[in-house]
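Me: I have a model open and would like to go through some of its details. Could we take them in turn?

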Amino acid sequence: MTIGGIITAIIFGAIIGSLGRLIVPGKQDLPVWLTVVAGIVAAFVGTALANAFDLETRGWNFWETLFQIAAAVIIVAVLAALWPKRRAGTDARR
């Protein structure tokens with residue numbers, strides 16, 4: 001993978017992860033880096049699902065994007081449930 005591919009994966013992961021985070025109801029105490037990682041993983045999962053269902057994955061594909069966003073929603077929801085909640089008035093750096 002080239003540097004350009006890595007940068008593209010990070011940018012696309014941030015977008016997909018953010019969309020997933022917007023769709024999940026409630027407040028998530030996830031850090032930004034974890035949202036990006038969730039988006040990158042969701043992008044790979046969505047592409048794999050589109051390939052598994054034999055949907056064309058060259059260029060922009062509606063179904064592939066839908067699978068990626070759905071995967072991001074599921075991943076963000078699971079991570080939000082597992083990630084420790086921050087209590088008001090506490091310093092997160094401790």
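Predicted model: local features only at pLDDT ≥ 70, side-chain atom pairs only at ≥ 80, totals over all residues.

Me: Let's start with Gln28. Where is it found?

Reply: Gln28 sits in the loop that runs between helix H1 (3-23) and helix H2 (32-52).

Me: Is Gln28 buried or exposed?

Reply: Gln28 counts as buried because its relative accessibility is 8%, and the cut-off for buried is under 20%.

Me: And which residues does Gln28 touch, leaving out those up to four places away in sequence?

Reply: Gln28 touches Arg21, Val76 and Ala80. Val76 and Ala80 belong to H3, where both are buried.

Me: What lies 3.0 Å from a polar atom of the Gln28 side chain?

Reply: That is the backbone oxygen of Gly26.

Me: On to H3. Which residues in H3 are buried?

Reply: The buried residues of H3 are Glu64, Thr65, Phe67, Gln68, Ile69, Ala71, Ala72, Val76 and Ala80.

Me: What do the buried residues of H3 pack against?

Reply: They pack against H1 and H2.

Me: How does the N-terminal end of H3 get its cap?

Reply: Asn61 provides the cap, with a side-chain oxygen 2.8 Å from the backbone nitrogen of Trp63.

Me: What span should H3 have, and what is the distance between its end C-alpha atoms?

Reply: H3 has 21 residues and, at 1.5 Å a residue, should span 30 Å. Its end C-alpha atoms are 30 Å apart, so the two values agree.

Me: Changing topic, how many aromatic pairs does the structure hold?

Reply: The structure holds 3 aromatic pairs. One of them is formed by Trp33 and Trp83, whose ring centres are 6.2 Å apart. Their planes stand at 75 degrees, so this pair is edge-to-face.

Me: Where in the chain are Trp33 and Trp83?

Reply: Trp33 is in helix H2 and Trp83 is in the segment after helix H3 (62-82). The pair links distant parts of the chain, as these residues are 50 residues apart.

Me: How accessible is Trp33? And Trp83?

Reply: Trp33 counts as exposed, at 52% relative accessibility. Trp83 counts as partly exposed, at 31%.

Me: What about Phe62 and Trp63, how are their rings arranged?

Reply: The ring centres of Phe62 and Trp63 are 5.1 Å apart. Their planes are at 75 degrees, which means the pair is edge-to-face. Phe62 is partly exposed, with a relative accessible area of 46%, and Trp63 also counts as partly exposed, at 43% relative accessibility.

How values were computed:
Residues numbered from 1 in each chain as written. Heavy atoms only, no water. Helix = DSSP H or I, 4+ residues; strand = E, 2+ residues; numbered from the N terminus. Buried < 20%, exposed > 50% of the residue type's maximum accessible area, 1.4 Å probe, protein only. Polar contact = N/O pair within 3.5 Å; in protein donor to acceptor, adjacent residues only side chain to side chain. Contact = heavy atoms within 4.5 Å. Phe/Tyr/Trp six-rings, centres within 6.5 Å; stacked < 30°, edge-to-face > 60°. Expected span 1.5 Å × (residues − 1).
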